[in-house]
Amino acid sequence: ELLQSEFLNEPRDNLEEREAAIELRERIEEEELLLEFLLLVQRRKQEVADRLQDTISFLCSDIAEVMKQQAILKEKGNSCMDPGKDDNSTSNLPSINIVDIDDSSSLGSRKRFRPGLRVPNVEECGDNLETRQKSDTQTENRESFLQKSSRLMKNFKKLEAAYFLTRCRPVKQSGKPSCRQTPLNSDGRGSIVMTERSSVNNLTSKESCSESLESGWINPFLEGLCKYLSYSKLKVKANLKQGDLLNSSNLVCSLGFDRDAEFFATAGVNKKIKVFECDAVINQNRDIHYPVVEMASRSKLSSICWNSYIKSQIASSNFEGVVQVWDVTRSQVLTEMREHEKRVWSIDFSSADPTVLASGSDDGSVKLWSINQAILLLHLMDGASICTIKTKANVCCVQFPSESGRSLAFGSADHKIYYYDLRNSRIPLCTLVGHHKTVSYVKFVDANTLVSSSTDNTLKLWDLSVSNSRVIDTPLQSFTGHMNVKNFVGLSVSDGYIATGSETNEVFIYHKAFPMPALTFKFNDMDPLSGQEMDDAAQFISSVCWRGRSSTLVAANSTGNIKILEMV
């Protein structure tokens with residue numbers, strides 16, 4: 001009775017209840033933990049799904065926009081192909097069909113034929129010829145499309161990343177939107193583009209503006225994609241064969257075309273400036289190509305630059321820190337400037353003001369020179385600089401923008417690029433930070449875009465129009481694929497294409513729209529005894545230069561091997 005009494009059994013029941021309650025609480029907490037985990041997974045997946053839905057949404061809108069533009073172009077093409085009904089003078093003539101022949105050797109040529117006209121006794125021959133021509137054209141177009149499609153799929157991931165980067169980047173508006181009132185020319189008519197829109201009601205102008213903002217990425221991306229896929233390889237047009245056997249080293253440090261892209265000059269450690277006529281080198285297959293002009297310097301040459309206004313004027317810099325201006329027609333020095341204390345790496349003439357020359361040196365200074373003033377002072381003293389910018393590190397490259405002589409960019413051994421307004425040379429307008437090693441070259445792609453080369457294996461593209469702050473640390477694009485860790489390998493820009501060398505003895509061509517190479521070309525020297533190609537790992541490309549805005553460029557390597565290449 002005592003053991004079964006209420007006094008002893010009540011705590012036991014309470015203990016079991018408490019244990020059951022504790023176990024239940026633990027189960028509830030475990031369920032809550034599982035629920036929290038599942039809700040977190042759901043939230044994250046929902047965020048991914050929302051982003052994916054947004055991506056699919058603007059992909060659909062982009063596809064619709066592209067199809068809309070394609071339909072408009074097709075409609076315009078069909079209207080251009082139809083004969084004018086109101087034009088009585090041409091209504092009775094047979095229609096002319098135009099077949100574009102997509103061939104690099106006959107770019108822009110067109111085959112015209114009139115099916116309504118018949119030539120006696122050669123109808124069948126003509127039909128067969130046209131059938132073959134159509135078949136050949138279709139085959140060529142198909143092969144070209146497959147080739148471009150293959151290259152597109154090979155770089156699909158990078159092109160996709162570039163598309164999203166371009167798509168999400170805000171479209172820059174230059175001044176006011178293009179939907180403002182149509183400006184009139186002197187003859188009372190608007191421009192070609194605005195005349196086509198003249199039928200649009202002014203009430204829809206705001207909608208047009210918003211549409212242009214949404215579709216503003218299409219043209220830049222399409223232009224970049226087309227240019228990226230326009231060429232399939234680099235073809236050798238000529239090998240420059242020189243008979244300079246007295247110099248053990250023929251390293252070419254600099255190449256440059258003159259004002260009209262008719263002549264190009266070479267300079268390097270052989271202490272000579274050699275000028276060649278480009279077309280003569282391409283068209284004449286000789287054992288040895290002799291320069292049109294040859295000028296000797298007292299020291300190894302590091303850089304040359306033609307004057308963009310005076311065709312016969314070229315400037316050079318050397319390892320002793322001397323800057324010289326030459327008259328090519330007379331093969332003599334016009335003036336020389338000796339203010340630099342160490343080697344001068346780079347010089348550049350201003351295109352906007354061709355009397356101004358800039359130089360950058362190992363002494364940590366950038367100097368501006370007035371050529372006219374230097375020539376006047378030649379008989380009295382060495383040319384005097386008109387401005388000096390001092391930095392804390394070696395200056396490796398200088399460059400004027402083509403549209404302005406009041407701005408200057410230069411790269412330095414402190415891994416930075418400095419952009420100056422020369423009206424205030426005390427502090428830089430902005431500093432570009434992003435490279436991890438010495439900046440060896442800077443070139444302007446356009447007035448607001450700059451490309452830089454560094455020994456960190458990269459090229460970087462910078463937008464100077466966003467220079468609201470003193471420091472820009474986010475480049476528009478980083479180009480990788482070539483190798484450059486210790487040498488100057490050259491950099492040149494033309495119509496959005498960027499050429500650079502590599503320490504693998506290759507020439508790389510990029511387009512500003514995409515981070516991967518569009519084309520490459522391997523330099524291989526010929527063994528003079530066996531005639532076989534040799535591959536020397538110690539050789540590297542030392543200089544490249546485009547021929548104006550053409551698809552032709554000149555490239556040289558560390559042994560003095562110079563080739564004229566063309567994109568085809």
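What follows covers charged pairs, aromatic rings, charges over rings and a surface patch.

This is a predicted model, so local features need pLDDT of at least 70 and side-chain atom pairs count only at pLDDT 80 or more, while totals for chains, interfaces and linings use all residues. Residues are numbered from 1 along each chain as its sequence is written, and side-chain values use heavy atoms, with hydrogens and water left out.

**Charged pairs**

How many salt bridges does a search of the whole structure find? The count is 16, where a salt bridge is a side-chain nitrogen of Lys or Arg within 4 Å of a carboxyl oxygen of Asp or Glu. Three of them are listed here.

| Pair | Closest N to O |
|---|---|
| Arg259 and Asp260 | 3.2 Å |
| Arg298 and Glu336 | 3.6 Å |

Let's take the Arg298 pair. The salt bridge links Arg298 with Glu336. Arg298 is in the loop between strand S7 (293-296) and strand S8 (301-306), and Glu336 is in strand S11 (residues 332-337), so this pair ties together parts that are 38 residues apart in sequence. Strands here are DSSP runs (E, at least two residues) and helices are too (H or I, at least four), numbered from the N terminus. Arg298 is exposed at 51% relative accessible area, but Glu336 is buried at 16%. Those words have cut-offs: buried is under 20% relative accessible area, exposed is over 50%, and partly exposed is in between (1.4 Å probe, protein chains only).

Now for the Asp495 pair. Asp495 sits in the loop between strand S25 (491-494) and strand S26 (497-501), and Arg549 in the loop between strand S31 (541-546) and strand S32 (552-557), so the pair ties together parts 54 residues apart in sequence. Asp495 is partly exposed, at 31%, and Arg549 is exposed, at 65%. Elsewhere, salt bridges that share partners join Asp258, Arg259, Asp260, Glu262 and Lys311 into one network.

**Rings**

The whole structure has 18 aromatic pairs. Rings of Phe, Tyr and Trp (its six-membered ring) pair if their centres lie within 6.5 Å; planes under 30 degrees apart count as stacked, over 60 as edge-to-face and the rest as tilted. Phe264 and Phe276 have ring centres 5.6 Å apart and planes at 25 degrees, so they are stacked. Phe264 belongs to strand S5 (residues 263-268) and Phe276 to strand S6 (residues 272-277), so the pair ties together parts 12 residues apart in sequence. Both Phe264 and Phe276 are buried.

Phe508 and Tyr510 are stacked too, with centres 6.4 Å apart and planes at 20 degrees. Phe508 is buried at 7% relative accessible area, and Tyr510 is buried at 0%. There's also one aromatic cluster formed by Phe58, Tyr163, Phe164, Phe221, Tyr228 and Phe514.

**Charges over rings**

Arg343 has its charged end over the ring of Phe319, 5.0 Å from the centre. Lys563 lies over the face of Phe523, 5.5 Å from the ring centre. To count, NZ of Lys or CZ of Arg must be within 6 Å of the ring centre and within 35 degrees of the ring normal.
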